Amino acid sequence: MASIASAAATKIGKCGIDFGTSACKVAACNGESLSDLDAKVIVDPMGDFSIASYVAVDDEGGYVVGNTARQQMERRAKYTVAHVKKSLGVEGGTVSLVTNLGKKVVVAPEKIASILLNQVVSVASEGEGVDMKNAVVAVPHGCSEARLKAMAETAKQSGLNVLQFISESSAVALAYGLDEETTEAGNYLIVDIGFEATRVSVLSASNGFFSVKHFKEIAGVGGNAMSERIVALCVRDFMDKHGKDLKDNGRAMLKLQAACEHAKHTLSVSTRAVVEVDALADGVDFRKLVNQASFESECSDLFTKMLEGIGATLKDAGLAISDVKNVLLAGGSSQMPRVKSMLAQVFNKPELEKETSGTVNPSEAVALGAARQATLLCMMAENNVEEIQKVVGGETNPTVMSLALTVGVEQKNGLIVPVFSRGNAVPASRTITLEHGSASTLKFYTGERPSAAGNFLLGMADVGEAKGSRTFTLSVDKSGQNFTLLVGEKEVNITFVGAVETLSKGDVAAHVASCASDAAAKEDARARAVADLNDFIYKVQESDYLQDIEEEDTEIVDKKVAETTAQVGAAGDVESITALLKSLTTCVDDILAEYDEEDEEEDGDEAFDGGDMD
Ligand SMILES: Nc1ncnc2c1ncn2[C@@H]1O[C@H](COP(=O)(O)OP(=O)(O)OP(=O)(O)O)[C@@H](O)[C@H]1O
Ligand SMILES: [Mg+2]
């Protein structure tokens, strides 16, 4: 196994890593500018695009890792640790294996995982010709602190610099470009069908933002269970033909599992596959033809569970099937034709059944998205890899991955314009233009309510009056807690009144829960109605809308505006606010109508004057 250090290179490269239960994938981006970021998975010298999550002790006491370890599994099971991700961050989680000296040892999962991770980085470094030890690593959405810590420790032991941990759901979203401003706004559904589970995420995307709104893991519905259905078919068949139960024969079962896994993959591209194992047990060769239809019927309860889980996630998110703009597939098992056809039918998206070529390969999506994020981070630091290393170097617990709540700025009308949405990965930087100018003080809020009033005031910055549009850039560092503001070229100090860190997880959860209440919905609707009213008042007062009217009419409008403004506080519901707006618009429209009439009369007179009198 080549070590990271052996990839002698002066430049340090960046990659994205999907540390999967059954296999790891690593990807890197070609482009260096936002518009041409082309992520690709790095293949190992054997041409494999994934590194099996297997680590085995060899005869000399060294390690065999990845696909080689997997191929030896049936002969060397007791020397091998498979699927180490499952044990990371699990209370009391250890793994055991037998050493080359025949001694059974118990080791920390982080140790085995770091050997695997080292191999992943070696594959990347050899593939790219530079030391690829700066990485964004994807972890399961909502994974525990303990798991994140275990992953950070794994990275540390393998010599990897984690630029950032991002959730697997976010990585998939990035791979499909939900962070691009051209992406159509709306709700997106990610269905990631991995080794032992299906993970369903509902995301909302708009203007280059996306955030994970709901997430559900459907345990037990994954590729492993599906392979096991073929294994069970074969075990029954062997019993019928040879009267022998294979289940107690560990080595035969491992051989059979490998062959069934292979057949399952064939069934994704062909209607028939053969499970073939020479000398499966007691020297008996085994051969069984499996067809796609019977395989799918064996798995039908798993498909039902998958659909039920997807339905439940949508229900939690308050969405109907028709509210889903697109379904983004991830995970190896999403390549099964039945899965694709089922989702295509349910969501009425025939394109899901098409070949994946040209779009994102679902098996690669997590790694591709992580690679994209790694490149974006490096671009934000102007590609100064040393600078990033200085910031993250030696950090063992980079636990903040994303913002707990939306951060936004108050517009003049009282509504919030989000700058970073909830779940936005940090560090991040974004330029915003407020179309109708702003007060001389910019007020930043955090929270999920549409109006400033329902959220937590974060800080204020004195920026001076602006009549037209106002543009500024807000940046947040990797802690998710320190913000900087640039207006034009100038950095403007933000006076913090309520820091993000003073909000506990409980506060955040309580706020999010309260947003869903009926009372909050009513207040939000009222706030939106007030904003519409305010917008109209600005239009009347500050734009050129009424510039041509007489002073006495201006006075009438000003009086009406003053009356209206005085009544807003007492108008408790949307209807009363809408009535105020209607009354104000009617007053303005009536005045404007008089001018129109006068204009028409003048035009008519002119036409009459210019007409032929003969
Ligand atoms: N072409 C294919 N057809 C059917 N199944 C496939 C195909 N390719 C991969 N799989 C299955 O997908 C599963 C692995 O998926 P994936 O690599 O996404 O999981 P993982 O990332 O290792 O696991 P997890 O996300 O749960 O940690 C395996 O069960 C594998 O057999
Ligand atoms: Mg996965």
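Predicted model: local features only at pLDDT ≥ 70, side-chain atom pairs only at ≥ 80, totals over all residues.
Local features rest on a pLDDT of at least 70 and side-chain atom pairs on a pLDDT of 80 or more, whereas totals for chains, interfaces and linings use all residues. Residues are numbered from 1 along each chain as its sequence is written, and chains are lettered from A and ligands numbered from 1 in the order in which they are written.

Ligand 1 is surrounded by 22 residues, a residue being counted as near if its C-beta atom, placed from the backbone, lies within 6 Å of the molecule. The closest are Gly 20, Thr 21, Gly 194, Gly 223 and Gly 332. The shell comprises four nonpolar, 14 polar and four charged residues, where Ala, Val, Leu, Ile, Met, Phe, Trp, Tyr, Cys and Pro count as nonpolar, Asp, Glu, Lys and Arg as charged, and the others, Gly among them, as polar. Domain 1 (1-176 + 360-399) and domain 2 (181-354) each contribute at least three residues to the shell, with domain bounds taken from an automatic or database domain assignment.

An open sheet of three strands has the order β6-β5-β7 with antiparallel pairing, two strands being paired if DSSP finds at least two bridges between them. Because β6 (63-65) and β7 (80-82) stand at the edges with a single partner strand each, one side of each is left without a neighbour in the sheet. Neighbouring strands are turned by 15° against each other on average, direction ignored; axes are lines fitted to C-alpha atoms, for helices over the stretch in contact, and angles run from 0 to 180 degrees between N-to-C directions. Strand β5 (residues 54-57) is joined to β7 by three bridges, and Val 55 stands opposite Val 81 in β7. Helix α3 (residues 109-128) packs on this sheet, touching β5, β6 and β7, and its direction makes about 60° with that of β6; contact requires C-beta atoms, placed from the backbone, within 7 Å.

A second open sheet has four strands in the order β20-β23-β24-β25, with antiparallel pairing. Its edge strands, β20 (428-434) and β25 (490-492), each pair on one side only, and the twist averages 30° from one strand to the next. Four bridges join β23 (residues 470-476) to β24 (residues 483-487), with Val 476 opposite Phe 483.

Note on methods: Helix = DSSP H or I, 4+ residues; strand = E, 2+ residues; numbered from the N terminus. Contact = placed C-beta atoms within 7 Å.
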